[in-house]
Amino acid sequence: MTDGLGHPLTEPLFDRLCLIGVGLIGSSLARVVRHKGLARTIVATDASADVRRRVAGLGLADEIVETPELAVRDADLVILCVPVGAIGETARAIGPYLRAGAIVSDVGSVKSAVLADAAPCLPSNVHFIPGHPVAGTEQSGPDAGFAALFRNRWCILTPPPDADKKAVARLAAFWTAAGANVEFMSASHHDLVLAITSHVPHLIAYNIVGTAADLEEVTQSEVIKYSAGGFRDFTRIAASDPTMWRDVFLNNKDAVLEMLGRFNEDLTALQRMIRRGDGEGLFDLFTHTRAIRRNIIEQGQETAAPDFGRRKDEANGEET
Ligand code: NAP
């Protein structure tokens, strides 16, 4: 077993890992930590009693407790895997019960708001290092997680400027051992980058599926029937968890609005090209965007199989 940097991992990196929230991301972390022996003990909690029962049934944690206050006791690594809007209140709840010297992190898709909400609630004798694994699916809950979710995906850490270097290195080693590539940036830069790479694309998907759903009443289910023409690719993203995405937009308002402004300007330019019959302009843009997809595939962030590999599955008669 290695720590992800090729060094043999003889000892678990952490003694007691506490996961608060055991949905898609929390349960994927539990699985990879268990699989690679990254912590001696995993203690988990979730607001939902059903989730706690399911986590027990799946054997994802050594201890499952009812409250975050109980869960964090003696933990040397605490990772908040709850929706962004719940991170501040969770930090407030656990603050008084954290072990001195513990590392506290999160996986929230927005970073500036998390830093502003959580940091003031945590004692000065713990290391708060926000994080965001840029990996996920449109599914939620403990059954949706899998150990390989973070493999070759980026995990962005946004340590405050005065963060303890050793603690940052330990957390980075943890994510590397979980299979991720670690990158560091400021919380505000993270929010701007993710606004265009993740948040605005989700908003566009939610919008186009919403618009088509309205049209569906007019066209009597033709939208569904002919969805393989492109629409269904948006529906995967638009099926993402409503709580998570509501919180993302409420907490990354400025960056999303900034990127949406640019998006609208570019959309207007496209509209003009269509109206004016500017075929050259359209062709040039589409050639440029095609190259971007090739780049993503070359960097191992997407499958090179045509149509996301669906054709192979369809040929095998499998559902996609
Ligand atoms: P999820 O599957 O819905 O899991 C979240 C879990 O947290 C649920 O079981 C939820 O319980 C529980 N929870 C909510 N509030 C809580 C609280 N105050 N205390 C304890 N548990 C609480 O969501 P997820 O996809 O794992 O997302 C978790 C975090 O990861 C979010 O911050 C999200 O932004 C981030 N993230 C998600 C993705 C992705 O693609 N999904 C990718 C990267 C990062 P209830 O169901 O009862 O509310």
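The following legends describe close-up views of a predicted model. Local features need pLDDT of at least 70 and side-chain atom pairs count only at pLDDT 80 or more, whereas totals for chains, interfaces and linings use all residues. Residues are numbered from 1 along each chain as its sequence is written, and side-chain values use heavy atoms, with hydrogens and water left out.

**View 1. The largest nonpolar core has 40 residues.** Such a core is a set of buried Ala, Val, Leu, Ile, Met, Phe, Trp, Tyr and Cys residues joined through side-chain atoms within 4.5 Å; buried means under 20% relative accessible area (1.4 Å probe, protein chains only). Leu 29, Ile 79, Phe 150, Phe 174 and Trp 175 touch the most other members. Elements that each supply at least two residues include strand S1 (14–20), helix H1 (24–36) and helix H6 (165–177). Helices (H or I, at least four residues) and strands (E, at least two) are DSSP runs, numbered from the N terminus. H6 gives the largest share of this core, seven residues.

**View 2. Ile 79 and its contacts (heavy atoms within 4.5 Å).** Beyond its neighbours within four places in sequence, Ile 79 is in contact with residues including Leu 17, Leu 29, Val 107 and Phe 174.

**View 3. The ligand is surrounded by 27 residues (a heavy atom within 4 Å).** Among the closest are Leu 24, Asp 46 and Val 82. H4 contributes the largest share of this shell, four residues.

View 4. A polar side-chain atom of Asp 46 is 2.7 Å from a ligand oxygen. A backbone N or O atom of Gly 141 lies 2.9 Å from an oxygen atom of the ligand.

Conventions: Buried means under 20% relative accessible area, exposed over 50%, partly exposed in between (1.4 Å probe, protein chains only). A polar contact is a pair of N or O atoms within 3.5 Å; within protein, one must be able to donate a hydrogen and the other to accept it, and residues adjacent in sequence count only if both atoms are side-chain atoms.
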